[in-house]
Amino acid sequence: MVVVGILIFIIALSFLSRSFLTLTNFNNVTRQVSFVVITGCAVTALMISGNFDLSIGSVLALTGTISAILVTYSVPLWLSIILATLVGSGIGLLNGFMVVKLNIPSIIATLGTMYAARGLALVITGGNTIHLGLGENFTLLGRGYLGMIPITFFIMVIAVLLFYFIESKTTLGRYAYAIGGNRRSAFLSGINVGSIVVLLYLLVGSLAGFSGVLMASRLGVGQPMVGVGFEFDVIVAVILGGTSIEGGEGSVFGMVVGAFIVGFIANGLNLLGVHSFYQSIVKGLVLVGAVLLDRKIKEMIVE
Amino acid sequence: MGEIILRVRSLSKNYPGVCALRGIDLDIERGTIHCIVGENGAGKSTFIKILTGAEKRSGGDIYFQGKEFKPRSIREAMNLGISTLFQELNIVDQLTVEENLILGREPHRYGIIRKPKYSERVFQLMNDFAPDIPLKKRAGLLSFAEKQVIEIVRAIAADASLLIMDEPTAALSESETRRLFTIIKSLKREGLTVIYISHILDDIFNIGDVVTVLRDGEAVDTNSVKEISRDELVRMMIGKVTTDKYVPRMVDYKEKVLEVINLSTNKLKRISFCLYKGEILGFYGLRGSGKTEIVLSLFGLDRPGEGSIFVQGRKTYFKLPRDAISQGIFIVPEERLTEGLILKLSIRFNISISNLDSIASFGVIDAKDEIDLTKEYMRIMSIKARNVEQQVATLSGGNQQKVVISKCLHAGANILLMDEPTRGIDIGAKEEIHRIIRKLAEQGNAVVIFSSEYSEVLSLCDRIYLLRNGEIVKELKNQEAEPEEMLRVITGGRWNSHEVKLE
């Protein structure tokens, strides 16, 4: 239903703006959305288990700057990508540890790492943008093309397929649904709830970390203030995609649809010349409206 | 016969697949304390829910003070003059006694709360009944009994003329019970009518005027308390034994699968028992007698303070449910919906979840195996559903319970701990669950039933332990068990229940 509305919107846009339905524009949107989708894959699994992660935007900034700094110290590019991603994994692990072992509510724990990781990014860069001595290859992942399609598109597709597989075929995915559906029942069924949740945080941290590297590559710089509000873009995509805020329901494909809805709306409004201030208002209305509509439809089906 | 304040005529209530009330007729006289007794599942709680407006009736009429009574909510019932003291109290712990007393009716001007008038009736009543409870104290610091007094006072101050009390003494100590009774008696003197629901017989003979027995959703009989003996009352509650009869089975009393010695927690006192292969063992006791606590300790959910557990002769120690499951122990929890199942998920997901590793390699689930095994359990247990993908939330209680049992078996359990296995399940499905339990025992599993229904333990169990106040007070073989005697033992003298909390 929501999807139908969006389709109508997209069709209308393609009439209103000649440049909307072009490959260049599609590539544009894809590149913008790909960061949200790649991180969103893991975030969907985490939110299905009933947990949150607010730190991903800051992780994005931190790992992006780390990868840039490492390259300026002449660390090979491939190694800097791996190391920076691992820093993201480490933060994910820390989040998981705080939530599971220290029993801190996930919103609070990841709010903490959100501030701390951002601060760390600012400290290691001295608040400056790293742009000298990065070399040509640094922008390959983020700006490069395979044929006519951006590389980021392929990375995104791989991430989506991988997480669709995890979600639908593996014990990890199943446990995420079980824990989010009823944590107590899951625990009583002998599921090691703690280690599953830690693992999910680890995945989120890793993908956010990798997205950070990609982002830096796209921008061609290590920027400590990048990705502010990114966590909410991801959460909006996940929620629009039908993942329940309480957990237990949701899907990666839904999240992809959600991310593209937001992406196309922003892009379409851009092409129509709507000021970005108004775009934020539209985004807010779409989120609340879509969730409301979704609930009304579900209620109608039940009756 | 005085004035009838509440007149109930052929009141009935059907839940999907269950008939909870089958045409109840009842007259309640103004100014009396009218007790309603009955076993679990007799229809007491359904009856209260309809009277309080929490549930809609399926048929019948209720007249309250001569007028037709059809409340749509608890609040509406209250406004009409029927207040209820539920087992779960509606007291906000963070507020003070005073704030709780006037909750929802705070005197205010433009939304700003003003000082309460202590001349108000609610404060006078509080002063009459419990002058010792300080008004400025935080409610969270009060005992259960003290909070109960606040609720009673609140109900009377709201001009209730009929007060329903649901098992009010279940969590009270002896002295607290006495105080409650004093209050109830003074309410009666003021002309208030009380419907008193309980299965503690002592209470009824202590303060009741009239007693009505409910059984299987019917009002069996109403008598004056003075004219009825305890034995007669017990007999009426029990009725005649149903067709679902105990069939003696051959149990090999040599092979112990589980032995518990001196298990003690803050609620349990030196629980010791043995369970044999192929046996169905019963624990029979009231709510709060410690049944659930035994289940919790045996499943690694509650750390026993002392005592030892032997599984197949080996001493074990469970830190987590996982540890118990790995020893072949699994529970069918009392709270089927919140602990047994994951309601949003399908039958297939619910059954396989307890042992996904058996159908997965390297973490990848074999969907075909999973569907096959679900179909197999649906066949063995005769789970009625459209297909394996049906959400368990949409199944009937009986079918849901079969899913939970399937889950246990899939986990490889051979010792099943079943806490109130047929609560909320209608009679037909109940017998079916009982047949399944017997079959499990025949196949060499050992089953422990924890129940507050005598008929359940009597029709299933080879041996029965009677529980009272966290203690095993008697062990019986099925053949020597008499329902009257069992009920008498578990409801026996009152107990000091500082330790017994509501489950």
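**Helix α6 of chain B, in a predicted model**

User: How do you know that the span of helix α6 (residues 174–189) of chain B agrees with its 16 residues?

Analyst: Expected span is 1.5 Å times one less than the number of residues, so the 16 residues should span 22 Å, and the end C-alpha atoms are 23 Å apart, which agrees. A helix here is a DSSP run (H or I, at least four residues), numbered from the N terminus, while a strand is a run of E, at least two. Oh, and this is a predicted model: local features need pLDDT of at least 70, side-chain atom pairs count only at pLDDT 80 or more, and totals for chains, interfaces and linings use all residues. Residues are numbered from 1 along each chain as its sequence is written, and chains are lettered from A and ligands numbered from 1 in the order written.

User: Which residues of α6(B) are called buried?

Analyst: T177(B), L180(B), I183(B), I184(B) and L187(B). Buried takes 20 or more other C-beta atoms within 10 Å of the residue's own, exposed 12 or fewer, partly exposed in between, with C-beta atoms placed from the backbone.

User: What puts them on the same side of α6(B)?

Analyst: They cover an arc of only 120° around the axis, so they share a side; the arc uses directions from the helix axis to the C-beta atoms. The face turned away carries exposed S175(B), T182(B), S186(B) and R189(B).

User: What comes just after α6(B)?

Analyst: G191(B), with a positive phi of about 95°.

User: What is the mean pLDDT of chain B?

Analyst: It's 85, and 95% of residues reach 70 or more; pLDDT is the predictor's confidence in each residue, from 0 to 100.
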